[in-house]
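Biologist: I would like to learn how to read a structure of this kind. Could you take me through it feature by feature?

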Amino acid sequence: MTLSYVPDGALAHRLDPRSKLLVQVAFAVVAYAYTTPRGLAVLTLVAAGCLALAGGGPRDLWAYRFALPFLLVAPLVAGATVGDPWFDVDDAAATGLASYRVLLILVVAAAYVRSTPVRESRAAVQRTVPGKPGQFLGVGVALVFRFLPLLKRDLLSAREAMRARGGGERPVRERMRIVAVAGINRAFGRADRLGTALVARCFAWNPTLPRLAFRRVDLPALALAAAMLAAAVLRVA
Amino acid sequence: MATNTESVDLVGDEAATNLARAALFAALVGAFAYVSFPFPLSPAPVTLQVLGVFLAGIFLGPLWGGLALALYLLAGALGAPVFAGGSAGFAALVGDSAGYLWSYPIAAALVGGIVHRGLALRDLDAVRLPTLLAATVVGTLVIYALGVVGLVLSLDLALGEAVFQGAVVFLPAEAAKIAAAVGIVRSDAITAA
């Protein structure tokens, strides 16, 4: 299962996407500023709170299982030394804290992904970045969400087809070439049809977007973000 | 719904196609994350994402190739499951994989700039083999240099440990991807470029 938006009436779902983005940035900043056992203990509560307010739980973190081995191995690599004492506990502990910090940032990001539909993310981008660059980014993000599952299926079926014809025996660079060529040809075909279809439907630089407005419910989130940023600045200063 | 009172500003034909291609290429790089190849010397399964970065620069050019990878990062940060292993979210851009990810748009633009010798696209048949090799090798170096810096900063590793865990073990697989990229461009297999 991959992490994605889940419709829900939870508090985080009612927040403006921009306040949620700000909370994530502030959380990352403060996590880098306070990578100490006590700091990370407090931030664990904040991260768990964010996920709970988005109606999520430990199950949502399953999507990050591929990141875990790397984060678990890193402290071991950092601690391992050639020669006596073979394992440096201080080095391993420092990297262990850093790994845990990355994990906490992942939890807060999961809360955002779970509570924010694509349309709102797109609107947040276009209202934050002015003019045509904002339009480009907004439309592009929406298209990536839309076409990712199709292209994924194209690639997997190309690989199936290659294997069915005995292509699985070929050297790895040949297999990469075969799958990539099929993927690119399909993607270009879809892109050119999409480009024509967009023009035919009066694709404009200034379409109508969902209304976004900061409301009273955003105040605690904005205050939390401001407090975390202030704490980080105090620490660094 | 918000109301716009200004008149409609249509996107031109060429810009619409370029935008569609950049967005589809960004989605393709994301889809490449799901196709892994077991590789003899590599500790983790090898995905085709870096190949996607090379090909974005080669087929879309430095400008749109770089923009495609920027879109990829933004879509991933906003929740599209496009990062390694199908993960998503802003955290990837500040976590242990941050260095690799931020290097993608830069590497795509560099590869495109070297292959096309400037911002304007030129015919890929006119690109010679040494140019292609140089472009992909430079792209690989940029990705791994920034990736290692990201590891040092985010996981508190020493430089040597980060180079070992984050670069040396992956380099044989990168050679296969460079060979694949060169093979794709030389074979005329891409019909729509």
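**Reading the helices**

Modeller: Let us begin with a stretch of chain A: residues 21-54 are 88% helix and 0% strand, and the end C-alpha atoms of that stretch lie 14 Å apart. Please keep in mind that this is a predicted model.

Biologist: Which feature does UniProt place at residues 21-54 of chain A?

Modeller: The unreviewed UniProt entry gives a "transmembrane region" there, and also at residues 66-87 and 93-113 of chain A. Residues 93-113 of chain A are 100% helix and 0% strand, with end C-alpha atoms 30 Å apart.

Biologist: Where does UniProt place such regions in chain B?

Modeller: Its unreviewed entry puts the "transmembrane region" feature at residues 20-39, 46-64, 70-94, 101-120 and 132-155 of chain B. Let us look at two of them. Residues 101-120 of chain B are 80% helix and 0% strand, and their end C-alpha atoms are 25 Å apart. For residues 132-155 of chain B, the figures are 100% helix, 0% strand and 34 Å between the end C-alpha atoms.

Biologist: Now for pairs of helices. At what angle do the axes of α2 and α9 of chain A cross?

Modeller: A helix pair can be read from its angle, its handedness and the residues that meet. Helix α2(A), residues 17-33, and helix α9(A), residues 218-236, cross at roughly 25°, and their axes come within 8 Å. Angles under 35 degrees count as roughly parallel, so α2(A) and α9(A) are roughly parallel to each other. Their crossing is left-handed.

Biologist: Which residues of α2(A) and α9(A) meet?

Modeller: On the α2(A) side they include Leu22(A), Val23(A), Ala26(A) and Phe27(A), and on the α9(A) side they include Leu222(A), Ala225(A), Met228(A) and Leu229(A). Sorted by class, this contact has 16 nonpolar, one polar and three charged residues.

Biologist: Are α2(B) and α3(B) roughly parallel or roughly antiparallel?

Modeller: Helix α2(B), residues 49-77, packs against helix α3(B), residues 98-116, at about 155°, with the axes 7 Å apart. Over 145 degrees counts as roughly antiparallel, and α2(B) and α3(B) are therefore roughly antiparallel to each other. The crossing of α2(B) and α3(B) is left-handed, and their contact holds 19 nonpolar, seven polar and no charged residues.

Biologist: What about a pair with one helix from each chain? What is the angle between α7(A) and α1(B)?

Modeller: Helix α7(A) and helix α1(B), residues 13-32 of chain B, pack at about 50° with their axes 7 Å apart. That angle makes α7(A) oblique to α1(B). Here the crossing is right-handed. Among the residues that meet are Phe136(A), Leu143(A), Phe147(A) and Lys152(A) from α7(A), with Leu19(B), Ala23(B) and Ala27(B) from α1(B). The classes in this contact are 16 nonpolar, two polar and one charged.

Biologist: How many residues does each chain give to the whole contact between the chains?

Modeller: Chain A gives 73 residues and chain B gives 67. On the chain A side, α2, α4, α5, α7 and α8 each supply at least two residues, and α8(A) gives the most, with 21. That side of chain A divides into 51 nonpolar, 14 polar and eight charged residues.

Biologist: Finally, which domains are assigned to chain A?

Modeller: Domain 1 covers 11-116 + 213-236, and domain 2 covers 123-200. Taken over C-alpha atoms, the centres of domain 1 and domain 2 of chain A are 31 Å apart.

Conventions: Residues are numbered from 1 along each chain as its sequence is written. Chains are lettered from A and ligands numbered from 1 in the order in which they are written. This is a predicted model: local features need pLDDT of at least 70, side-chain atom pairs count only at pLDDT 80 or more; totals for chains, interfaces and linings use all residues. Axes are lines fitted to C-alpha atoms, for helices over the stretch in contact, and angles run from 0 to 180 degrees between N-to-C directions. Helices (H or I, at least four residues) and strands (E, at least two) are DSSP runs, numbered from the N terminus. Angles under 35 degrees count as roughly parallel, over 145 as roughly antiparallel, 65 to 115 as roughly perpendicular and the rest as oblique. A crossing is left-handed if the near helix is turned anticlockwise from the far one by less than a right angle, and right-handed if clockwise. Two residues are in contact if their C-beta atoms, placed from the backbone, lie within 7 Å. Ala, Val, Leu, Ile, Met, Phe, Trp, Tyr, Cys and Pro count as nonpolar, Asp, Glu, Lys and Arg as charged, and the others, Gly among them, as polar. Domain bounds come from an automatic or database domain assignment. UniProt positions are given in the numbering used here, feature names are shortened, and annotations may be inferred rather than shown by experiment.
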